[in-house]
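This report concerns the chain shown below.

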Amino acid sequence: MILQLRPIGRVSLFQTRFQINNYPIPKPVSVSVSCSLSHEAEKIVGEFDPQIPIEQAPTPPSSWYTDPSFYAHELDRVFYKGWQAVGYTEQIEQPHDFFSGRLGNVEFVVCRDDDGKIVAFHNVCRHHASLLVSGSGKTSCFTCPYHGWTYGLNGALRKATRISGIQDFAVNEFGLVPIKVATWGPFVLLNLDKEIVTDKIASEWLGSSSELLSLNGVDSPLSFVCRREYIIECNWKVFCDNYLDGGYHVPFAHKGLASGLSLDSYNTSIFEKVSIQSVEGGSEDREDDRLGSKAFYAFVYPNFMINRYGPWMDTNLAIPLGPRKCLVVFDYFLEASLKDDKAFIERSLKDSEKVQMEDIALCEGVQRGIESPAYITGRYAPNVEKAMHHFHCLLYDNLIN
């Protein structure tokens, strides 16, 4: 687990503007990330029926969380299509700033080029497939650590070392393979599949939920505080399911958190690809209460979570690493008036860390239970698990079509 404390400037979260990369890039080679739907994966998808009302519906079968062929199909249909949140713009605030990451089996790098435009590429050298960079930082070019091939921040191949004698080599066809990139408010989004349509990014990603997000303070000016990362031994959907159970597990697993919430006030709203859970605070008179008078939890399909409570916001990104492993990235933001209150920040992060450790234990226990022959499928609690059912129905639509 890594904790980084790096105060940076103010950011207005969820501004309505968005910007798209239209930087001229080298002609890419033909790259396909699709995989054919195997007979086994097709059978597994069909074991869940979204048409059954939640009151009567079984949950998806355990194979949705364990089967390698299902996982491969899921990457192709869910993560390699549509807009995916991968970071935030302050990670690349200045020209030459970059950050890298992984989405399924796709390694990517996002940067601001020499002109300050945001661009993204597959983080793979065109020579022998070495990764070019790791982490984040600042650079004027991408130089392969393996054989020294060098690329400009526009993706063009600038230098190929020791290739004298090579034949039929077209330099302009060996630039980095581009990825479509956009920003919405402070968030950086990638799209590995479809053509960019400038007036549809916000509606495709958030749909009609954006107004409610704004009304609940998601777009207020906040300052970035830190990032924490957790590798969890569970399928990425187990983590999402845990998030989407309408507070069902809170009084049993998070007794400290439960004491600061009025659990009877839990409410869930469903939108096109977003679900929003809200709950009233139960201890707003406490001066050190980080939760405030209301907590607000937004799930943006397929794997991005936005939590607004008191003066805080944190975002959670669940990144699949295999059928039974995921990386969850937490980014913390705070109202600017409190960004210098180190005692409050430390106390709040400690409380948050306790909740995350409790959730990790839960999720890893669920994964082990799912892999047991005693479990095939479960049931929904209709009054609280509507958001979870909505998530599973969206997955089915992606996986079957």
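## Helix α9

In this predicted model, the buried residues of α9 include a run from Ala387 through Met388, His389, His390, Phe391, His392, Cys393, Leu394 and Leu395 to Tyr396. Leu399 is buried as well.

An α-helix has 3.6 residues a turn, so residues three or four places apart point the same way. The length of α9, which covers residues 386-400, can be checked against its residue count. At 1.5 Å a residue, its 15 residues should span 21 Å, and the end C-alpha atoms are 21 Å apart, which means that the two values agree.

## Largest pocket

The largest pocket has a volume of about 900 Å³. Its lining comprises 39 residues, of which Gln91, Ser100, Gly135, Arg227 and Glu229 lie closest to the pocket centre. Two or more lining residues come from each of the elements β4, β5 (97-103), β6 (106-112), β8 (136-138), β14 (221-232), β19 (312-322) and β20 (325-335).

Which element gives the most to this lining? The answer is β5, with seven residues. By class, the lining of the largest pocket divides into 19 nonpolar, 12 polar and eight charged residues.

## Cavities

Rolling a probe the size of a water molecule over the atoms shows where empty space is left. The structure holds two cavities of 30 Å³ or more. The second largest cavity contains about 30 Å³ of space.

The residues lining the second largest cavity are Trp83, Gln84, Ala85, Trp205, Val300, Tyr301, Pro302, Asn303 and Phe304. Strand β4 (residues 83-88) gives the most to this lining, with three residues; β4 is also among the elements that give two or more residues to the lining of the largest pocket. The lining of the second largest cavity has seven nonpolar and two polar residues, with no charged residues.

## The chain as a whole

The secondary structure of the protein chain consists of nine helices and 20 strands. Of its 401 residues, 55% are buried.

Key:
Residues numbered from 1 in each chain as written. Predicted model: local features only at pLDDT ≥ 70, side-chain atom pairs only at ≥ 80, totals over all residues. Heavy atoms only, no water. Helix = DSSP H or I, 4+ residues; strand = E, 2+ residues; numbered from the N terminus. Buried < 20%, exposed > 50% of the residue type's maximum accessible area, 1.4 Å probe, protein only. 1 Å grid on protein atoms, 1.4 Å probe; cavity = no way out; pocket = protein on both sides within 12 Å on 5 of 7 lines; lining within 4 Å. Points joined across faces, edges and corners; volume = space filled by probe spheres on them. Nonpolar A, V, L, I, M, F, W, Y, C, P; charged D, E, K, R; others polar. Expected span 1.5 Å × (residues − 1).
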